[in-house]
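Welcome! Here is a short tour of an interface and a sheet, with the cut-offs given along the way.

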Amino acid sequence: MKTRNVDALVVGGGSAGLAAALRLREGGASVAIMEREPYLGGILLQCIHTGFGLHEFGEDLTGPEYARRFVAPVQEAGIPAYLDATVTEIGREPHDGRGTHSVTALSTTQGVVRFSTRAVILAMGCRERNRGNVAIAGTRPAGVFTAGLAQRLVNVEGCVPGRSVVIIGSGDIGLIMARRLTLVGCRVLAVVEIQAYPSGNARNIAQCLNDFSIPLYLGHVVTRIEGRDRVEAVRVAPRDGTGIAADKEFRIPCDTVLLSVGLIPENELSRAAGVSLNEGTGGPWVDADYMTGVPGIFACGNVLHVHDLVDFVTEEARQCAAQAARYLAGEPREEMLPVSAGANVRSIVPNACAPGRRTVFMLRSLVVKNDARLIVSVGGQEVRTKRLPHVQPSEMIRAPLEPGEIPAAPARGGREAPPTVEVSIR
Amino acid sequence: MTAETGSPRPGAAMERELVCIACPLGCRMTVSSRIRDGGVEVTVSGNRCARGEAYGKEEMLAPRRILTAVVPTDSALFPCAPVRTDRPIRRELLGELASELYRRRVSLPVEEGQVFMEDYDGARVVFTRTLPPDEIPAVGEAGAEPEG
């Protein structure tokens, strides 16, 4: 088997992988993209709705249009993209290649393909939580789909999954699909959300549910899915404290259930490569260079943490690739301070920062709050506060800190640990 | 598909809480309208940009939306060609245009930006993805083999 040598190998040809590959190539590195689908673009291609590109291009683009703006330059730059090629293993380079890491992939046309590379960019994206992740009682009939699968069926494969639909969870993909299914002739009977607030963004509640008079049941639980061969109904009850108000349960006859109950970064490959994960995000722990705990392995996009906006995936992928390029050039690494999620913060990326450099923190709140403040403290001392007009768990907070906003760590003895940067919301 | 309000009565001020859909920031806005000098005066607050104000006014008077959909193709590999209106159309026409598009069929190839329907409520329906005609796709077609 032939081993191919590259400076950097990008795993995944979606929004993160494309932007990272382009940035690496601009810096002069030899780079290749591995993509398991037969085309580049990733999940953007099934997102035919608009709302992409407002930050990046100042335009309101559809998913395919946004993807094309990266796929075309990748092709023009002659960056090799292996399509229909699934990466099965990332490991240490044994001996026969020029790199430090070896990546093995299965290609439908070329069989087993092996790379020797000095840097790996993890850009595999995320996958949907499914029925097994949320424990819904009842039978196991046909007609239960994740929202993203339904999106693929309707927008790419050209099939409609059912006629009358109940959507469990109010994530953005579920809301987008409520509108989409209505427009292809389904009746969307309800969106049922366990929390007291929607988990998708407010704009999607307005234009996907309210426009079509689709009821949103907040603080409600689907207690049971009924049906022998095919879904026949769901039972829904309001929450009552920590339990449910069983006496107020009602039944909605339907033939299809969509689940829009969150996304999980897809990290089986990372884990097998020895990359340690961050509990808050489900993605790899990364430092200020977006480098994981394994030197030379970087991560960006939804495999690192689930984003709301593709524009920020692009931004993050570029930053990640710029740091990977510096790593490849052998530039010295700055001293970094560990970053931790403080009060009211569910998760934060990156998990270390370099005080002398601009850092874009991306975090999620645990609380819903107006006029909140973001507080950055170093070693227990508050160093910065920023006003946040409105925070809620479903909306990612992006907080850029300019060079010098975090003071450099004081000189200390050799064995003394650097102070922790803690980011919290009040 | 119904708008949640009727037209404002003469002299009466009408106020609505809206979430701006001009971009994913989703500003929470208050839009109020009153009849004045024979016309309707609409004021918007809570918006963070000019697009928000324009959206608030339009939403109060005659809501419009971009429609995105797919058109069935003659291809086995790419059975759906995604399309959009190049500008917003009246909201009450979304369903009608969606079913009209679903009844049609297109032969591949199509190019992003290619016009599929010339004038629907003042908007053009254009393809949003370039799709090739059916053939077995060549692996690695996006680029050349890397050097060994």
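## Terms and source

A residue counts as buried if 20 or more other C-beta atoms, placed from the backbone, lie within 10 Å of its own, as exposed if 12 or fewer do, and as partly exposed in between. Helices (H or I, at least four residues) and strands (E, at least two) are DSSP runs, numbered from the N terminus.

This is a predicted model, in which local features need pLDDT of at least 70, side-chain atom pairs count only at pLDDT 80 or more, and totals for chains, interfaces and linings use all residues. Residues are numbered from 1 along each chain as its sequence is written, while chains are lettered from A and ligands numbered from 1 in the order in which they are written.

## A strand inside the sheet

In chain A, five strands make up an open sheet with mixed pairing, ordered β23-β21-β28-β25-β26; two strands pair if DSSP finds at least two bridges between them. At the edges, pairing on one side only, are β23 (352–353) and β26 (381–391) of chain A.

Let's look at β28(A), where four of the five residues are buried. Strand β25 (residues 369–378) of chain A runs antiparallel to β28 (residues 421–425) of chain A, joined by five bridges. Here Val378(A) faces Val421(A), and Ile375(A) lies opposite Ser424(A). Strand β21 (residues 337–341) of chain A pairs with β28(A) in the parallel sense over three bridges, with Val339(A) as a bridge partner of Val421(A).

## Where the chains meet

Contact (C-beta atoms, placed from the backbone, within 7 Å) links 47 residues of chain A with 35 residues of chain B. The chain A side divides into 21 nonpolar, 17 polar and nine charged residues. Nonpolar here means Ala, Val, Leu, Ile, Met, Phe, Trp, Tyr, Cys and Pro, charged means Asp, Glu, Lys and Arg, and the others, Gly among them, are polar.

Methods. Two residues are in contact if their C-beta atoms, placed from the backbone, lie within 7 Å.
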